[in-house]
Amino acid sequence: MTDLAEDIRACRLCTARFAATKTQHQPRPVPWFRPSARLLIAGQAPGLQVHEKGRPFDDRSGDRLRDWLGIDRDTFYDLDRVAVVPMAFCFPGYDARGSDLPPPPICSTTWHDAVIGGLTGLRLRVVIGAYAQAYHLGRKGPLTETVRGFRDHLPDAIPLPHPSWRNTGWLKKNPWFETDLLPVLRQKVKEALGD
Ligand code: SF4
């Protein structure tokens, strides 16, 4: 890990914010990057399972994401090749209805430009969800339109919905995602990770 990753791991800027959530948890940043990474997974924020395990996408969403990308766990967790940089490095907690809170903006403003600017070996960004798409692609419109227009962002980036199993209904309503987007995604990931 780089010094920057160690600085992030020690960050406690959101202590009061997280203490006021339903889960009343402490910050546990999960930085996961090295400058050599070729593939960036740019997501929203860790979920509760990731908060507990300290490893990104080590849950059912991660299994679905790896299937979408066409790579196995060993490849996904190879820090020299794959970076996982969400818009917040900590689990933001749940609101009163049990839904995920948004990533705290202070995380992005404090860390993001330095982290992304340091990924000098990047070949492809896989950009998951509306918050990351606003930052990486400058897109603030509806997520479905952004993902449907994935070809607009090639060859450097591909937007995706969150691989949460809660989005299974979205996937059923948008069959083009599986037939049109996934084959392109898998090919681009293969090219990005190849020598
Ligand atoms: S979410 Fe980001 S800014 Fe907040 S404590 Fe975690 S690392 Fe720090």
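Start at S61, which you'll find in helix α4, residues 60–69. Keep in mind as you look around that this is a predicted model. S61 has 20 C-beta neighbours inside 10 Å, so it counts as buried. What does S61 touch, once residues up to four places away in sequence are set aside? The list is H162, P163 and S164. There is also W165: it sits 104 residues away from S61 in sequence, yet the two C-alpha atoms are 6.5 Å apart in space.

Take P35, in the loop between α2 (15–19) and β1 (39–42). P35 and G118 are separated by 83 residues along the chain, but their C-alpha atoms are 5.8 Å apart. P35 counts as partly exposed, because it has 14 C-beta neighbours inside 10 Å. For the chain as a whole, take the contacts between residues at least 6 apart in sequence: 70% of them join residues at least 24 apart.

Now step back to the overall layout. The protein chain has 10 helices and four strands. Reading from the N terminus, the elements go α-α-β-α-α-α-β-α-β-α-α-β-α-α. The C-alpha trace spans about 45 × 40 × 30 Å along its principal axes. A compact globule of 195 residues would have a radius of gyration near 16 Å, and the protein chain has 16 Å, so the two agree. Of those 195 residues, 39% count as buried.

What about the inside? In soluble globular proteins, nonpolar side chains tend to be buried together. Here, the largest nonpolar core has 47 residues. Those with the most contacts inside that core are L39, L40, I41, A42, A83 and V126. A83 is a handy one to click on: leaving aside neighbours within four places in sequence, A83 is in contact with W32, F33, R34, A37, L40, I41 and L119.

Next, the ligand. It is surrounded by 14 residues, and the closest are C11, C14, P27, C90 and C107. Sorted by class, this shell holds 12 nonpolar residues, one polar and one charged. Which helix gives the largest share of the shell? That is helix α6 (residues 105–117), with three residues.

UniProt, in an unreviewed entry, lists residues 30–186 as "domain: Uracil-DNA glycosylase-like". In the model, that span is 41% helix and 10% strand, and the C-alpha atoms at its ends lie 26 Å apart.

Most residues other than glycine have a negative phi, and most peptide bonds are trans. Q24 isn't a glycine, but it has a positive phi of about 45 degrees. Like P35, Q24 belongs to the loop between α2 and β1. Q24 is exposed, because it has 9 other C-beta atoms within 10 Å. F57, also not a glycine, has a positive phi of about 55 degrees, and its place is in the loop between α3 (48–53) and α4. Is F57 buried or exposed? With 26 other C-beta atoms within 10 Å, F57 is buried. As for the peptide bonds, the one joining L154 and P155 is cis, with an omega of about 5 degrees. You'll find P155 in the loop between α8 (143–148) and β4 (157–160).

Key: Residues numbered from 1 in each chain as written. Predicted model: local features only at pLDDT ≥ 70, side-chain atom pairs only at ≥ 80, totals over all residues. Near = placed C-beta within 6 Å. Helix = DSSP H or I, 4+ residues; strand = E, 2+ residues; numbered from the N terminus. Nonpolar A, V, L, I, M, F, W, Y, C, P; charged D, E, K, R; others polar. UniProt positions renumbered as here; feature names shortened; annotations may be inferred. Buried ≥ 20, exposed ≤ 12 C-beta atoms within 10 Å, placed from the backbone. Contact = placed C-beta atoms within 7 Å. Core = buried A, V, L, I, M, F, W, Y, C linked by C-beta atoms within 7 Å. Rg over C-alpha atoms; globule rule 2.2 N^0.38 Å.
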